Amino acid sequence: MKNEGKSAQRPDNTAFTQQRLPAWQPILSAGIVIPGFLIIGLAFIGIGIGLFLTSQTIQVQEMDYTGVEKDSPCFRCTIPSNLNCTCEVTFSLSTLFTGPVFFYYGLSNYYQNFRRYGVSKDYNQLTGDTRYFKSRSPEEDCSPYSYDSNNNPIVPCGAIANSIFNDTFELYQIINGTKKQVPLDGRGISWWTDYNIKYRNPSPVNGSLAKAFDGTVKPINWPRPAYELDLTDPNNNGFLNQDFLVWMRRAALPQFRKLYRRITDGDYAAGLPAGNYSLTVHYNYPVLSFDGRKKVVFSNVSWMGGKNNFLGLAYLVVGSLCVVMSVVMLVVYAKFKFSDDDDA
Amino acid sequence: MKLIGATAIEDKLQDGVAQTIEQLTKAEIKIWVLTGDKQETAENIGYSCNLLREEMNEVFFVAANSPEEVRQELRDARLKMLPDTEEDKFLIPETILGDTPKVVEDENVNGDYGLVINGHSLAFALESNMELEFLRTACMCRTVICCRVTPLQKAQVVELVKKYKKAVTLAIGDGANDVSMIKAAHIGVGISGQEGMQAVLSSDFSFAQFRFLQRLLLVHGRWSYLRMCKFLRYFFYKNFTFTFVHFWYAFFCGFSAQTVYDEGFITLYNLVYTALPVLGMSLFDQDVNAGWSLEYPQLYVPGQLSQYFSKRAFVMCALHSWYSSLVLFFVPYAATYDTARDDGKDGADYQSFALITQTCLTVTVCVQLGLDLSYWTVVNHLFVWGSLGMFFILTFTMYTDGLFQLRPSSFAFIGTARNCLNQPNVWLTVALTAILCVLPVAAYRFFYSQISPTINDKVQYRPAPRPRRTRLTRRSTRRSGYAFSHAHGYGDLVTSGRFLRRHAPARSMGLISTGRSPGFKPTGRSAGYSPVGREQNPKQKVEPTSLQMFRAVKDTSF
């Protein structure tokens, strides 16, 4: 009886309960750390060189057209009373700008990442759910861009939609004094998932998209309602307008670029040849009130995206530091190891 | 009279008691004995388990009948140990601001001293006007044995030490008379056995043999402290890093309290992505295995000095987090500044940035945990890689079409994972941040272990020890483990140890042993005997290894 009682109270003698599980016990020994740092350093230097060289091959042409200085071409458009103003920015390319060339517009000092701005949209509306056109979903945060002054519901509601960028551009190449238009392609500039899943148009009523928006009004700052955003292409209207989708994907930082068009067709499929160019800007978007700046950017891309020297330089710096560190560690290890041996 | 016979009761010490006490003493643990036995029994027990030793400078006996005598005896003892101390000066801060308790600091004395005090004197010594005097004297001694104490006095002694010393107390006992002491101490240990289960029922830990205390403290106690400290430091690190990133982002989002991460990530970060790995670390981690922990009790000292988690350790952890958060924000910031995807479309939008930062953070804290873990069991592997895998699985799941169509406003990040994580420069950013956060820590630890290695570092390089039978190192052979309850007379003769010599050849002369101890004289103070003079037996010298002479202990972890 005593033996039974003793063995019943005895704790389990398994490897798990007695903390004897087999384990891998890595130690930060010199044999692992020093070669490890060296290998990582060399690998990073290699990657850094690759990134840096790639970034150097990317061509970028940036032009600020806000019109702050009096002698800039778009200065007269900054005067508020000048509506439907058009200005012209000229630039020249010294070498072939290899295609496909991407045409971005850039804004700075523009906080699309502001929290209150970022929540000001209605996801349910934008999936084409007409139940949310007139009545609001409980978590709707669109105010004060939710109803207009006559209490009509705004579709699409919210500050993000309302502040859509509405400057338009036309690009001409100047050949022998004549302007030749460069075709700009605006199809497929937004993410595939945005275009196909996240944003859906409401179902057309009697075959007409416009009728689906009955009883609602356009956002206050829009020139035309949503179903008329693109008069040239009937597929590019409603919530599926590519420029609208690009704008709704709000930026992370106060200085950002958004894709406007691509230059891939016709004579310019290989890129923009060297020469003089003229950019006609239909200046509608006011940014000077909050000290913002507007610019256009022409860029080509590579496997690592747009031009960004930081990643290449960072890899080079970290790689060199690792190599230096491994040498220092070797010295320290040798010094202290041999001094220990001398003592012992 | 005709001698018919003799009766005796043998109450032997358990196996391994002396060796346990020796190991615990090496671990800088002070051991006091509180027993209800008589003085000579307690003394004998003290000698037989190496608490009192022949080579001690002196053993003081306090057995007086009045408070003044007790005070005088305590003072005499103290002055003998530290001759130049002042009479009434106590090393306690006199002015008490607020509720900070008075603490009696340890004083260093030259030589080993022992103190034996009986219950009657203890009753006087524990009064409020003499308790500090008693504590001070007792703490100067290497060993304190209180004999003839009542259960209440046992608890009072423990509480005295708790109150006035910056120490953790552990009380171990096996009988019902030890219950009050067990309950009074910080940690109570009950030995289940012959005397019943009362001690066990009132204790925090219980086992069957005293020698298991060695394993409890030096192996499991030490591991527990290590695990707890590593857990705390890592937990603070991962949460501070997670939070400080928002601080940096505030400068770039107009101070609008915009979170850098997706809300789903914020919910799941502490719940799913980083909960299990740190739990695995705090359950299974071992820096030094059990064999070496028992072999080198000095490994126990960092826990006593609170070295692995102190104010300094916390500040270092906060600085590490601050640096990590700088890297974790500004590297993705610079990498996504004015960039695009490899097909020219937007890559610097808020949702991609959030996903990049999330991925960088999760991978970095995972790698940092991998650096902290020194004992990778199967469970740890499962937890760490499983959590990292869960991060990717859940991220992809939350950003799928199906969930978005179910509830658009909650799953607004749809498509982000697919569009962002197929970019090579995103993965290069993740790798860069992880390396930049973790390699400085690895380098720092390496330099520390090379320039000022702690005993942990040295022990880790050795293979696991072979379990060997430890021999009982008996220093003195004059003492026996037997006590005779006898008053004056030839009881002293019998107990002089003449008949007991372990290694000398037995010259059988009947009852008495060979050899005699010179310089023996009965003191007659309290029906016992006290060790006078030194019997210079060749004691077994334990040759110190290089590790045993190692004293300075430094912080082993970052």
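Trainee: Does A:C85 count as buried or exposed?
Mentor: This is a predicted model. Burial means under 20% relative accessible area. At 4% relative accessibility, A:C85 counts as buried. A disulfide joins A:C85 to A:C77, S to S 1.9 Å. A:C77 is buried too, with a relative accessible area of 6%.

Trainee: What is the handedness of the disulfide of A:C77 and A:C85?
Mentor: A disulfide is a covalent bond between the sulfur atoms of two cysteines. Look at the torsion about the S-S bond. For A:C77 and A:C85 it is about -65°, so the disulfide is left-handed. For A:C74 and A:C87 the torsion is about 85°, so that disulfide is right-handed. A:C74 sits in the loop between β1 (60-64) and β2 (85-93) of chain A, and A:C87 in strand β2 of chain A, 13 residues apart.

Trainee: How many disulfides does a search of the whole structure find?
Mentor: Three, over all chains. One of them joins A:C142 to A:C157, S to S 2.0 Å. In sequence order, the bonded cysteines of chain A pair 1-4, 2-3, 5-6. B:C146 is in no disulfide; the nearest cysteine sulfur, that of B:C147, is 7.5 Å away.

Trainee: Which residues of α2(A) are buried?
Mentor: Start with the general idea. An α-helix has 3.6 residues a turn, so residues three or four places apart point the same way. Now the case here. Helix α2 of chain A covers residues 30-57. Its buried residues are A:A30, A:V33, A:I34, A:F37, A:G41, A:F44, A:G48, A:L51, A:T54 and A:S55.

Key: Residues are numbered from 1 along each chain as its sequence is written. Chains are lettered from A and ligands numbered from 1 in the order in which they are written. This is a predicted model: local features need pLDDT of at least 70, side-chain atom pairs count only at pLDDT 80 or more; totals for chains, interfaces and linings use all residues. Side-chain values use heavy atoms; hydrogens and water are left out. Helices (H or I, at least four residues) and strands (E, at least two) are DSSP runs, numbered from the N terminus. The expected span of a helix is 1.5 Å times one less than its number of residues. Buried means under 20% relative accessible area, exposed over 50%, partly exposed in between (1.4 Å probe, protein chains only). A disulfide is a pair of cysteine sulfur atoms within 2.5 Å.
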